[in-house]
Amino acid sequence: MWLSPEEVLLANALWVTERANPFFVLQRRKGHGRGGGLTGLLVGTLDVVLDSSARVAPYRILHQTQDSQVYWNIACGSSRKEITKHWEWLEANLLQTLSVFENEEDVTTFVKGKIQGILAEENKNQEAKEEEDSGKFKEAELKMRKLFGMPEEEKLVNYYSCSYWKGRVPWQGWVYLSVNHLCFYSFLLGKEVKLVIGWVDVTQLEKNATLLFPECIKVSTRDQEHYLSMFLNIGETFKLMEQLANIAMRQLLDNEGFSEDKCLPKPKSTLKHVSALKRDLDARAKNERYRSTFQLPRDERLERPHGVHPLDPFNKMHIMGQMFVSNNYICFASKEEDACNLIIPLREVSIVEKADSSSVLPSPLSISTKNKMTFLFANLKDRDFLVQRISDFLQRTPSRKRAQSPNSPGGQVSPGLGGASSPCSLTLSPGAASDSKQFIFSDETTPTATQPLMCIFRRESPEELSPKMAKEKMKEESWNIHFFEFGRGVCMYRTAKTRDLVLKGLPESLRGELWLLFSGALNEMLMHPGYYSGLVKESMGKDSLATEEIERDLHRSMPEHPAFQNELGIAALRRVLTAYAFRNPNIGYCQAMNIVTSVLLLYCNEEEAFWLLIALCERMLPDYYNTRVVGALVDQGVFEDLTRDHLPLLYEWMQELGVISTISLSWFLTLFLSVMPFESAVVVVDCFFYEGIKVIFQVSLAVLEANMEKLLNCSDEGEAMTILGRYLDNVCNTQTASPPIPHLHAILTSGDDPLPQVDIFELIKASYEKFGSIQAGAIEQMRFKQRLKVIQTLEDSAKRSVVRAILTDTAFSIEELEELYVLFKAKHMTSCYWGSSSTAAERHDLNQPYLEQYRIDCDQFTDLFLAVSPWACGVHSQVLAGRMFRLLDQNKDSLISFKEFVTGLSGMYHGDLVEKLKVMYRLHLPPAIWPEEESALEATRYFTEEAQSHRPYATHLLSDVDFLLICGASDGTEPSGQQMQEGARNGRTVKDEKSGSQDYRYHLRLWAQERENPKENIKELPKMNQEQFIEMCKTLYNMFSEDPAESELYHAIANRRYAATPDWRGRQTITNPVPRRTLGNGDNTALWCPG
C-alpha cells in the first residue's frame, strides 16, 4: 500500500535490493522468502519486538535521486504480487515524466506530492481512516486469540510493548490486556515465551522501581510473582490493569461482571490503537471520579469537562476550574481544593443563554434556575457546543413536580446581592410540618412519623437560656448568614467557609437538611418521588431471612434513647430497614445498619432516612454492609497502611498485639456511633457526610496518636482495647444543648479512675491539623490494593471451608480437594465471562452455603470430566459425561455444585468394586440415560426382532459385544448363567461357592452393620432391561479400548454378557479365560454387574 513519504537514513540495513532504476528501489527484507538461517531468526525477533499488530512489511519501495544519500519510503507490501503492482505503476506513470526534470529537488517534490495525492484520493473521508485504524486493532485482537487460544467472546482492551522478566533475563515482547486475562508473548531467536494470567487470580498489583527492575509493574498470583517493565507509558498501562483487576474482583464479590457500554459517544478524532472497550473503561473511570466528587447518583454519565471561570458571588472574583455536564446535572469544581464547588440539577434550570462578552467576562454563559438564582461562567472555549448540549439534556429531562418534603428546597426566596450575576439565596424552613400533626397512621395500629424523631421526642432542657442554648443559636445564625451569601439547597456554593462551619458542628435544627444535601441523598429523593412509600407497601407482610434478622436487632438499636423505647420509633426503624432490604437483596440487612439508621431517623423523617441509608450503603461506604463486610475489611487494611505511614513506631507494636484489625472494624461500620457518646459521635457523622471516609481515617489516627504512650506500654491486646475504649467513652460534646443520652458502652467499660474528658471538636481539629494531608485519591489507591488482598483472602477461606465440610464425605485428600476446587471454580468463571445458557447470578448464588455457591452446566462438566475422570471411553466419553451430569443433577436445574461434582468423582476414584459397579450401573438407567436414547434402543430392538424371523441365529441387538459372543469358542467349563447371577447377587464368585464356604451371608450382614451409613443394597437397585445392559457393555468395551490387554478384557466383558443372558439363542462359550479387571485402579477382581 502507498505510504506517506518518510525519510530513511539506512536504506540497506536488513534489506536486499531486488529491482532498481534511476528514481526508485524495490527491496526485500532479509530473512524473508528465499534463504533464512541466522538472518531470518534475527529479523523475525526484531519484527516481534518492534511491532505487534502488523509485522514489518517484507517488501518496500524507496525513492532516491542519483546524487542524494537520502531515501524516501513511499510504498510497502505484504506480498511480492502487491509490491510488483505498485512498482509497475511507477514505471508506467512516473519514469518518463521524472526524466524531464533537471533539478533533483524538483523530482523529489513531485514524487512526494504525487504519492500524497494518491493517499488523499484513497482517504476522501474520515470514515475510511477510522476503519483503517480499527482494522489494525482488530488484527492485534485476532493475533491474541490465535496465540493464546482465546474464544471470540474474549475482547482485547489494549496492548503495549514491554519486557517480561523471566528469571534475570528480560524478554522483549507485547502484553495484551483483555477483559479477563493478562497475556504476554515474546519471540526471541526462535524461542517463544507465553504467559496467561486471569485477572481473578491476581492477588497483588503494584508499580514500583528497584535496582533489578527499574520502574516495573509487579503482578502477583498465589503461586508466583511476575515483573513487566520498559513500558512507553507505564502510568496508562498500570491504570488500565487496575481497572480490569477491579472488574474481576467485583465479579468474585457480587457477580457484577463487565458489560460493554453500547451508548458510548463516538470520539471527535480517531485514536490509533484504542479500542471501544478502552474508551469505555476510560469513560467509566471519569464517571466514577465525577460522581464521587459531587456525590451524585450512580447512573450519572459525564460529558467531557470544560475549563471555565465562574463568578464568585460573594468576593466578586473569578475562580478557575472546570465545568462538568452530565445527563441530569451541571457541576463545577475549582482547581484549588475546597475553593468552590457547585451542583446545579437540570430539573432546577429554567434558562441557559449566552451573555454579552466583555474584557472582564469573555464568552460568558448564564444559567438561571427556577428559584431565581443566576450563575455566570466565563472564558468558555466551546460555549456554543456547551449551550447546545445543555439544551439537549433539558429537553430530555422530564418535567417533575418537586416533592415538598420538610427539608427539600423550594421555600421562600429572599433578595440577593443585586445585579444579574449575583445569585439569590434560598431560605428553607426546617420545620415545615405542622406541630399539631407529628405522625399519621398507615393502618389501624402502626403510627408513621412525618417528622424526625428528635422533634417528636424532644426532651426539654431545664435551662432554656443557658450558654449552650445561646451557642446553638449562634450556630444557626452563622448558617443563615452563609445561606444568604451562598444560597441554600442543592444549588448552594460549597466553599472553604462551608467546611469551617461543618467542623464546628451542625445545629440540630439543620442537621437532617444538611446531611441530605452533602450526601447527595436529596437529589436522589427528589428524582424518585413516591419510591419509598411504594417499597413499604410492596414489602409489607413479606418474610425473609433479612426481616428475621431485623426483628432480632430492632430493640438493640439505641435502647437508651426514648424514641426507640416505644412502638413509633421501632416501627419507623423496621419500615426503613425492611424497605432497603427489599430494594437491595444483595445486601439485605447487616448488623450495624440498625445503629446507623436509628441515628438517621432522629434527624430525618422516614423517607429521608431511607435515602440517606442508600447513600451510605451504595456510594459513601461501598460494600460495607454485605454478607462479608468486604468494604469494612478493605478500609481496615487501608487504616493499617495509614498507621504505618503516619505512626510507624506505634504500628509495629500494635501489629504485634493484633489490635488495629480488632478495633477499627466497629469504628468504621458504625461511624463511631457505637463506641462514642451519642452527642460526640454525631459531630463525626456531620464531617463524614461532608468530607467522606477520609474523616473517619483522620479521627481514628488522632485517637491512636493521643493514646500512643499508653499503647506502647501495653502488654496484651485486652489492655490496649481497654485504654482505647475508655478514651472514646470520655469524648464529650460540651456544646450540645440537648440533655445527654446515657452511653451504654461507657457504663459497661467504666473503670475506677475517671479519665479526663476530651472535647470532640478539639479531637477533630487535631485530626485535620496532623492528618489533614490525606487525600481522597490516595485512599482510593490504597483501597484497590487492599481490595485485591481481602477478596482473595476471603476466596481462600471459602476454599478451606468447602474442603473441611466435604472432607469426611469423600475419600479424596485435602490437597486433591483443593486442586479440584480450583479447577471447578476456574471452569465456573469461564462460563461467567464467556457466556452460557444461564446467567452468572444463577451460577453464583451468594446466599447459598459455600458448597453450593459455584455451579457449572453440562458443557463445563463435560470438559472437567474428560480432564480428570479415570474412566476414559474414547469417543464414548462425551456420552458418559452427559449421563454422569444427569445422574448428579438431582434437582434438575441443569447445574451441579462442587459437592455433587466431587461426590461423582469420589466413587470413580476411591470407591470399592461394588461402588464403582453401582455408579456404572446407574449411568445406564434413567435419569442418567436420555429418553431419546431409550427410544433409540427401543427402535433398535424392534428392527432387530423383525430381522430375527429371517436370521434365526441373529442377535437381539447387533453390537460388537454380541458379535463376539456368537464367534467365541468354549471348552465347556464356563458355569451357567443362573450360577453366575446368583454369585453376583451374593457378592461372591462361583469359585467361592465350590470351595464350600457357606457363611458368606453372615459376613455380609456383619459388614453392613459395621458401616455407619448403610448404603443402598445391590438388590434394591432398579432392574435393567437388556438394551440398557448392552449399552453398559459397550461402555465397558470403549473404556478398555487401546489397553495393552484389550483382547483379554474384551473376552472378560463378553463372558459377563454371556452369563447374564441365559435365553440367548445360538450362544457359545468363550475360550481362554483371563484375569478380571476392575473399572478403576483397583485389584484384579471378577467383573460383574447387577442384573
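The model is predicted, so to speak of local features a pLDDT of at least 70 is needed, side-chain atom pairs count only at pLDDT 80 or more, and totals for chains, interfaces and linings use all residues. Residues are numbered from 1 along each chain as its sequence is written, and side-chain values use heavy atoms, without hydrogens and water.

Start at helix α22 (residues 678-691) and helix α27 (residues 760-771), whose axes come within 9 Å and cross at roughly 35°. Helices here are DSSP runs (H or I, at least four residues), numbered from the N terminus; axes are lines fitted to C-alpha atoms over the stretch in contact, with angles from 0 to 180 degrees between N-to-C directions. On the α22 side, S680, V683, V684, C687 and E691 meet I760, F761, I764 and Y768 of α27 (contact means heavy atoms within 4.5 Å).

A cavity is a set of points on a 1 Å grid over the protein atoms alone where a 1.4 Å probe fits but cannot get out, and its lining residues have an atom within 4 Å of a point. Six cavities of 30 Å³ or more are found in the whole structure. Of the 24 residues lining the largest one, E508, Y603, E679, T736 and S738 lie nearest its centre. Helix α22 gives the most to this lining of the largest cavity, with four residues.

The second largest cavity is lined by residues including P622, Y624, R783 and R787. Here α19 gives the most, with four residues.

Note on methods:
Helix = DSSP H or I, 4+ residues; strand = E, 2+ residues; numbered from the N terminus. 1 Å grid on protein atoms, 1.4 Å probe; cavity = no way out; pocket = protein on both sides within 12 Å on 5 of 7 lines; lining within 4 Å. Points joined across faces, edges and corners; volume = space filled by probe spheres on them.
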